[in-house]
Amino acid sequence: MAGYLVSDNRKVTTHRLMEMKQKGEKISMLTSYDYTMAGLVDKAGVDVILVGDSASNVMAGNHTTLPMTVDNMIYHARSVVRATQRALVLCDMPFGSYQVNAAEGVSNAIRIMKESGCDALKMEGGEEILDTVKRILDAGIPVMGHLGLTPQSINKFGTYAVRAKEQAEADKLMHDARLLDEVGCFGITLEKVPAKLAEEVTRIVKCPTIGIGAGPGCDGQVLVIADMLGMTQGFSPRFLRRYADLSTVITDAVGRYVEDVKSGDFPSTNESY
């Protein structure tokens, strides 16, 4: 079934994302971590489904993304791939899977691709991981970069505040974006950076940029599915727009179910064999 606003049902590829940037067509990305949600997201016409290491927070209740393992990511990505027909499925490489050395990074990247069936991988960092990114690209695996706020480095920075507000850090981000673009990344995620900086990065790189808290000048946008559907509470960053209040809907539905079971109303005669 076609997405609500999508007329082209061809499988989304890295090449198509580049075409979208060249045509000025915005790219939509959302996270998903399981079969059921991914099927709904794909049906609605999202271009890219990110199997994010944010599953650590959303699915497992951890405070950071650091606990996620390669096995965890393969499990979630495989579930998403089974449900997806149109969207490009992008999987995060988790913390520790590529920072040790290039050889280990390539080995883990190959394993994730082979065992999950996803279409591409995303990696946090710039010049520091460039050799590993290049080696993974040389292995035939598409890579999206991730600059700005990099959650895997939370213990280094000690805050989830906006990044690259100071000139030195902004200059480094621009430098890293150029390097990732030149080495062959098919896209770059820009997280929580000033809108003007994100717009400038988008202008200078050939590959698409995907923003989260980076303003409207990026080639596309991404949000965490549980946040934009209002399933999570107590998390209201400036960049988050909630499109539903599923927390209330689900809680009310479960409450009515509990009430019906306790009162004996469920199941009825018609709901029994």
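Mentor: T209 is found in strand β7. Keep in mind that this is a predicted model. Is T209 buried or exposed? Its relative accessibility is 0%, so T209 counts as buried, the limit for that class being under 20%. The side chain of T209 makes a polar contact, at 2.7 Å, with the side chain of T202. Apart from neighbours within four places in sequence, the residues in contact with T209 are I188, L190, V201, T202, C218, D219 and G220.

β7 covers 209-212 and supplies at least two residues of the lining of the largest pocket. The other elements that do so are α1 (14-23), β1 (27-31), α2 (35-43), β8 (220-223) and α10 (225-228). The volume of the largest pocket is about 1200 Å³. Its lining has 44 residues, and those closest to the centre are I27, S28, M29, Q221 and Y243. Sorted by class, the lining of the largest pocket holds 24 nonpolar, eight polar and twelve charged residues.

The second largest pocket has about 660 Å³ of space. Its lining is made of 32 residues, with S54, P151, E191, V224 and F235 nearest the centre. Two or more lining residues come from each of β1, α3 (55-58), β4 (120-124), β6 (187-191) and β8. By class, the lining of the second largest pocket has 14 nonpolar, eleven polar and seven charged residues.

α2, one of the elements in the lining of the largest pocket, can be followed from end to end. Within the helix, M37, A38, V41 and D42 are the buried residues. They sit on the same side of α2 because they cover an arc of only 130° around the axis. Among the elements that cover these buried residues are β1, β2 (48-51), α4 (70-83) and α10. T36 and L40, on the other side of α2, are exposed. After α2 comes G45, with a positive phi near 100°.

The backbone has a few further points to check. Most residues other than glycine have a negative phi, and most peptide bonds are trans. K192 is a residue other than glycine with a positive phi, near 50°. K192 lies in the loop between β6 and α9 (195-204). Its relative accessibility is 19%, so K192 counts as buried, with the cut-off at under 20%.

A164 also has a positive phi, near 60°, and is not a glycine. Its place is the loop between α7 (154-157) and α8 (167-183). A164 counts as buried because its relative accessibility is 4%.

The last point concerns a peptide bond. From F266 to P267 the bond is cis, with omega near 0°. P267 belongs to the segment after α11 (246-263).

Conventions: Residues numbered from 1 in each chain as written. Predicted model: local features only at pLDDT ≥ 70, side-chain atom pairs only at ≥ 80, totals over all residues. Heavy atoms only, no water. 1 Å grid on protein atoms, 1.4 Å probe; cavity = no way out; pocket = protein on both sides within 12 Å on 5 of 7 lines; lining within 4 Å. Points joined across faces, edges and corners; volume = space filled by probe spheres on them. Helix = DSSP H or I, 4+ residues; strand = E, 2+ residues; numbered from the N terminus. Nonpolar A, V, L, I, M, F, W, Y, C, P; charged D, E, K, R; others polar. Buried < 20%, exposed > 50% of the residue type's maximum accessible area, 1.4 Å probe, protein only. Arc of directions from axis to C-beta. Contact = heavy atoms within 4.5 Å. Polar contact = N/O pair within 3.5 Å; in protein donor to acceptor, adjacent residues only side chain to side chain.
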